[in-house]
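Subject: Structure handover and notes

Hi,

Here is the structure I promised to pass on. Please open it alongside this email.

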Amino acid sequence: MKNIQLFKPKFRTFEICQLMTECMEKGWTGLGYKTQEIEEEWKKYTGLKYAHFLNSNTSGLHLALKILKDTNKWKDGDEIITSPVTFVSSNHAIMYENLNPIFADVDEFLCLDPKSVESKITKKTKAVLFVGIGGNAGRFNEIVNLCKQKGLKIILDAAHMSGTRIKNTSELGVGYIVDHIGKDADVSVFSFQAVKNLPTADSGMICFKNEDYDVLARKLSWLGISKDTYQRSHDKGSYKWEYDLVDVGFKYHGNSMMASMALIGLKYLEEDNTRRREICQMYEKAFQTAGIQSVEVSPYTELSSRHLYQIVVEERNKTMEFLNIRGIYPGVHYRDNTHYDMYKSQFGLNPNSLNLSEKIISLPLHLFLTDDDIEFVIQNVIESQK
Ligand SMILES: Cc1ncc(COP(=O)(O)O)c(C=O)c1O
């Protein structure tokens, strides 16, 4: 019997172990050393100006909200417009800071719909939190323009977007330029969690546009301490032990073992994402012919990281059971968050989210799938819809 899982991360074990061995032999597995290397490599790869390596995307989203709230003097109860179709982390981060998540509707790309976002803006709105589901940039450019007009900050949950490229308007106003996603956000947060496109065990990267915020993020991710231990141990003179405490911070920074995994993952990210896109093309071609609806990549997206391939079916449970019996194990990304008790007061306000989140299925998508596996999934999905 087949066993085709939704995700299966591919680790270049030998190369990762070499870097991890370097860390252990040096006696430095913690903050600093390889964490600095991955930050430099990530900046080179994405073209983003600042990057700070963390223990997860969830901590990054929290830092993003905290720093923006504190520095811009937002008050408890101020509103952040966000997506109901996302993992719980996106909106927990808003709640951690006593801010109020206001859900707007998603469009056909499962990303925030600019028109719906505009309709939710009130005097209390401070920012929009955009989630690039599956690597899709949706109508992010339109959201960026809207936020500029209205003076709102943009937080990008780029958990799925390592490698996504977006079409940006060129400064000359003719044609477009291609950038790695994140340049236009006040802050972008990537996830390198165990099954993401750049898998470690758990880690992530926070990329602020503004240098002061990057400096603050570094302090807050290490308990509010002004100098990290690696910096201190490499300081000259006898004041190595001395540091200042500037704020109550958190233990959110990444470590050199995770950074070793991320450094090797990054080396293969383009190659891996190319294969993901190839798999998606096979799915797309077959489902178009068979008349099965897929969630498409938006025209603003030059290249999607293709973390997910999602189809839309009328009878999800029946379809899932049909596939499970045949050894195919898809997933769902995500249940509309207003189904959860804590957000139920906003249930039913965003019809497209509610409708699509009941019908989407994420099909197996990873680097161990053979063309035969994909063909097997395709045939069974088509069969399930007859
Ligand atoms: C959309 C989205 N946001 C945030 C997260 C949280 O990422 P992490 O596990 O790195 O904290 C995830 C992880 O699944 C996610 O899918």
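Below are my notes on helices, packing, single residues and backbone geometry.

This is a predicted model: local features need pLDDT of at least 70, side-chain atom pairs count only at pLDDT 80 or more, and totals for chains, interfaces and linings use all residues. Residues are numbered from 1 along each chain as its sequence is written, and side-chain values use heavy atoms, with hydrogens and water left out.

Some terms. Helices (H or I, at least four residues) and strands (E, at least two) are DSSP runs, numbered from the N terminus. Buried means under 20% relative accessible area, exposed over 50%, and partly exposed in between (1.4 Å probe, protein chains only). Contact means heavy atoms within 4.5 Å.

Helix α2

Helix α2 covers residues 34-46, which is 13 residues. From first C-alpha to last it reaches 18 Å, close to the 18 Å expected at 1.5 Å a residue. (The expected span is 1.5 Å times one less than the number of residues.) Its buried residues are Lys34, Thr35, Ile38, Glu39, Trp42 and Thr46. They sit on the same side of α2, because they cover an arc of only 145 degrees around the axis. (The arc is that of the directions from the helix axis to the C-beta atoms.) As a reminder, an α-helix has 3.6 residues a turn, so residues three or four places apart point the same way.

Helix packing

Two packed helices are described by the angle between their axes and the distance between the axes. Axes here are lines fitted to C-alpha atoms, for helices over the stretch in contact, and angles run from 0 to 180 degrees between N-to-C directions. Angles under 35 degrees count as roughly parallel, over 145 as roughly antiparallel, 65 to 115 as roughly perpendicular and the rest as oblique. A crossing is left-handed if the near helix is turned anticlockwise from the far one by less than a right angle, and right-handed if clockwise.

Take α2 and α9 (residues 256-290). Their axes come within 8 Å and cross at roughly 25 degrees. The two helices are therefore roughly parallel to each other. The crossing of α2 past α9 is left-handed. On the α2 side, the contact residues are Lys34, Thr35, Glu37, Ile38, Glu41, Trp42 and Tyr45. They meet α9 residues including Ser256, Ala259, Leu263, Leu266 and Glu270.

How do α3 (residues 57-72) and α4 (residues 88-96) pack? Their axes are 8 Å apart, at an angle of about 40 degrees. That makes α3 oblique to α4. α3 passes α4 in a right-handed crossing. Thr58, Leu61, His62 and Leu65 of α3 make the contact with Ser89, Ser90, Ala93, Ile94 and Tyr96 of α4.

Helix α6

In α6 (residues 140-150), Phe140, Asn141, Ile143, Val144, Leu146 and Cys147 are buried. Their cover includes α5, β5 (125-131), β6 (153-158) and β7 (165-169).

Single residues

Arg306 lies in the loop between β12 (301-303) and β13 (310-312). Is Arg306 buried or exposed? Arg306 is buried, at 8% relative accessible area. Leaving out residues up to four places away in sequence, Arg306 touches Gly134, Asn197, Arg276, Arg277, Cys280, Glu284, Val295, Val297 and Leu365.

Met258 is in helix α9. Its relative accessible area is 16%, so Met258 is buried. Beyond neighbours within four places in sequence, Met258 is in contact with Phe53, Thr200, Ala201, Asp202 and Ser203.

Leu216 belongs to helix α7. Leu216 is partly exposed, at 26% relative accessibility. Not counting residues up to four places away in sequence, Leu216 touches Ile67 and Thr71.

Backbone geometry

Most residues other than glycine have a negative phi, and most peptide bonds are trans. Please look at these three places.

- Leu110: not a glycine, yet its phi is positive, about 65 degrees. It is in the loop between β4 (100-103) and α5 (114-120). Leu110 is buried, at 1% relative accessibility.
- Leu223: also not a glycine, with a positive phi of about 65 degrees. It is in the loop between α7 (211-220) and α8 (229-233). Leu223 is partly exposed, at 36% relative accessibility.
- His333 to Tyr334: this peptide bond is cis, with omega near 5 degrees. Tyr334 is in the loop between β14 (328-329) and α11 (351-357).

Best wishes
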